[in-house]
Amino acid sequence: MLALRASPAEAAPLVACGGAAMQGGAQLMCSHTDPDKPAQFCTFSWDLMTAENTSQVVQGSFLIPPGAANVQVYQGAGFISAITEPIVICRGKKSGDTSDDD
């Protein structure tokens with residue numbers, strides 16, 4: 001008997017981000033990877049180590065237009081390292097969708 005297993009579908013992310021924290025500062029940069037797809041509304045959360053050796057979670061949101069590259073979406077001071085990688089979650093409206101209720 002042949003067993004079939006369903007697996008979730010995966011799509012390439014429309015927003016790619018990278019962050020670093022060192023020498024007293026932290027910066028998060030993002031790019032929209034497909035200029036043919038709609039703008040993306042994103043939120044982020046990032047756990048950073050302060051100069052006082054305590055954990056601080058920074059959070060925010062941003063709108064990134066199609067084709068935008070290397071956009072600085074967060075910059076902060078007083079951090080010596082990242083405790084976690086930044087978590088970035090994005091969503092966009094379907095083409096032609098003009099409603100405000102996502």
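Close-up 1. C42 counts as buried at 0% relative accessibility, where buried means under 20% relative accessible area, exposed over 50% and partly exposed in between, computed with a 1.4 Å probe on protein chains only. The model is a predicted one, in which local features need pLDDT of at least 70 and side-chain atom pairs count only at pLDDT 80 or more, while totals for chains, interfaces and linings use all residues. Residues are numbered from 1 along each chain as its sequence is written, and side-chain values use heavy atoms, with hydrogens and water left out. A disulfide, that is, a pair of cysteine sulfur atoms within 2.5 Å, joins C42 to C90 with an S to S distance of 2.0 Å. Because C42 lies in strand β3 and C90 in strand β6 (residues 87–92), the pair ties together parts that are 48 residues apart in sequence; strands here are DSSP runs of E with at least two residues, numbered from the N terminus. The link of C42 and C90 is right-handed, with 110° about the S-S bond, and C90 counts as partly exposed at 28% relative accessibility.

**Close-up 2. The disulfide between C17 and C30.** This view shows one of the two disulfides that the structure holds, joining C17 to C30 with an S to S distance of 2.0 Å. C17 belongs to strand β1 (residues 15–22) and C30 to strand β2 (residues 24–32), so this pair ties together parts that are 13 residues apart in sequence. C17 is partly exposed at 32% relative accessibility, whereas C30 is buried with a relative accessible area of 1%.

**Close-up 3. The aromatic pair of F44 and F62.** The structure holds three aromatic pairs, for which ring centres of Phe, Tyr and Trp (its six-membered ring) must lie within 6.5 Å, with planes under 30 degrees apart counted as stacked, over 60 as edge-to-face and the rest as tilted. The rings of F44 and F62 have their centres 6.4 Å apart and their planes at 40°, so the pair is tilted. F44 sits in strand β3 and F62 in strand β4 (residues 55–64), so the pair ties together parts that are 18 residues apart in sequence. F44 is buried with a relative accessible area of 5%, and F62 also counts as buried, at 10% relative accessibility. Together, F44, W46, F62 and Y74 form one aromatic cluster.

Methods: Helix = DSSP H or I, 4+ residues; strand = E, 2+ residues; numbered from the N terminus.
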